[in-house]
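Trainee: Before we look at the model, could you take me through its features one at a time, giving the general idea and then the case at hand?

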Amino acid sequence: MRMRIRYSKQGLMKFIGHLDMMRYFQKALRRAGIDVTYTEGMSPHMSMSYAFPLGVGMTSDSEYVDVDLNTPMPPEEMIGRLNESAPEGIHFIKAVQIGITKAEKGMNQVARADYTLSFREGYEWDTLWKEAFAAFLRREEILVIKKGKKTEKEVNIRPLIYQADVSGSEIHLGLAAGNENNIRPELLMEAFAREAGYSCTPFMFRINRDEVYGDTGNAQEHAFVPLIDLCL
């Protein structure tokens with residue numbers, strides 16, 4: 001059986017990279033006594049996959065990992081065991097059973113991610129930026145240069161911005177994510193800063209990932225559903 005686990009990553013754990021998180025998670029599963037399936041071959045490893053790895057320096061309320069089990073376990077018991085030895089900053093929230101096909105893996109379902117951004121102290125823009133940001137988002141085209149491993153191309157990311165609004169000093173973004181389209185929140189804010197004449201330095205924003213969604217709709221009408229609910 002395959003289980004999808006949702007957990008949060010806060011505090012100093014935001015500085016732990018994806019590969020180290022994978023190593024931690026394997027140890028956590030062993031400590032919890034969860035009977036995980038191993039792959040076959042010369043170098044067997046736990047059968048698990050992350051839906052949408054988080055960038056270093058970001059916090060998150062919705063990280064997802066799919067794990068294959070040899071022995072079924074009630075979701076509540078699994079979450080309880082994992083939380084017993086979880087370090088500060090990691091909290092396991094929910095586990096649900098999902099299908100075992102390739103298409104049902106989280107990494108193949110991701111379509112959107114929501115973020116909350118706030119300025120770090122000393123990096124705030126002037127009071128006019130909110131009006132400029134609203135005007136920027138009314139444009140039909142927002143062209144940016146997306147860099148791949150070997151190529152660069154100009155892309156219009158406006159259709160990939162599903163939500164963008166400001167509440168007080170926080171910026172709330174809903175952006176395309178996943179294998180086909182993936183817009184980083186920093187990319188959008190850098191594009192706005194260039195257009196409006198503001199500085200935009202690395203790590204000037206605190207960024208929290210609020211939720212990750214799949215899309216049960218179509219190209220004409222999206223229907224975004226949190227990954228933890230896709231299998232219900």
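Mentor: We start with salt bridges, where a salt bridge is a side-chain nitrogen of Lys or Arg within 4 Å of a carboxyl oxygen of Asp or Glu. A search of the whole structure finds nine salt bridges. This is a predicted model, in which local features need pLDDT of at least 70 and side-chain atom pairs count only at pLDDT 80 or more, while totals for chains, interfaces and linings use all residues. Residues are numbered from 1 along each chain as its sequence is written, and side-chain values use heavy atoms, with hydrogens and water left out.

Trainee: Are arginine 2 and aspartate 68 buried or exposed?

Mentor: Buried means under 20% relative accessible area, exposed over 50%, and partly exposed in between, with a 1.4 Å probe and protein chains only. Arginine 2 counts as buried because its relative accessibility is 7%, and aspartate 68, at 14%, is buried as well.

Trainee: Which strands do glutamate 211 and arginine 6 link?

Mentor: Glutamate 211 and arginine 6 form a salt bridge at 3.8 Å, N to O. Glutamate 211 is in strand β10 and arginine 6 in strand β1, so that distant parts of the chain, 205 residues apart, are linked, and both residues are buried. Strand β10 also holds arginine 209, whose partner glutamate 63 in strand β3 is 146 residues away; the closest N and O atoms of that salt bridge are 2.8 Å apart. Arginine 209 has a relative accessible area of 2% and glutamate 63 one of 3%, and each is buried.

Trainee: How should I read the largest nonpolar core, and which residues touch the most other members?

Mentor: A nonpolar core is a set of buried Ala, Val, Leu, Ile, Met, Phe, Trp, Tyr and Cys residues joined through side-chain atoms within 4.5 Å. The largest one has 42 residues, of which Trp125, Phe133, Met189 and Phe205 touch the most other members. Elements giving two or more residues to this core include β4 (90-98), α4 (129-137) and β10 (205-215), while the largest share, six residues, comes from α5. At least three residues of this core come from each of domain 1 (2-108) and domain 2 (110-229), with bounds taken from an automatic or database domain assignment.

Trainee: What is phenylalanine 205 in contact with, leaving aside its neighbours within four places in sequence?

Mentor: Contact means heavy atoms within 4.5 Å, and the partners of phenylalanine 205 beyond those neighbours include Leu117, Trp125, Ile171 and Met189. A second, separate core of 25 residues includes Phe25, Leu29, Val67 and Leu82.

Trainee: Where does phenylalanine 203 lie, and what is its phi?

Mentor: Most residues other than glycine have a negative phi. Phenylalanine 203, in the loop between α5 and β10, has a positive phi near 65°, and this residue is exposed, with a relative accessible area of 60%.

Terms used: Helix = DSSP H or I, 4+ residues; strand = E, 2+ residues; numbered from the N terminus.
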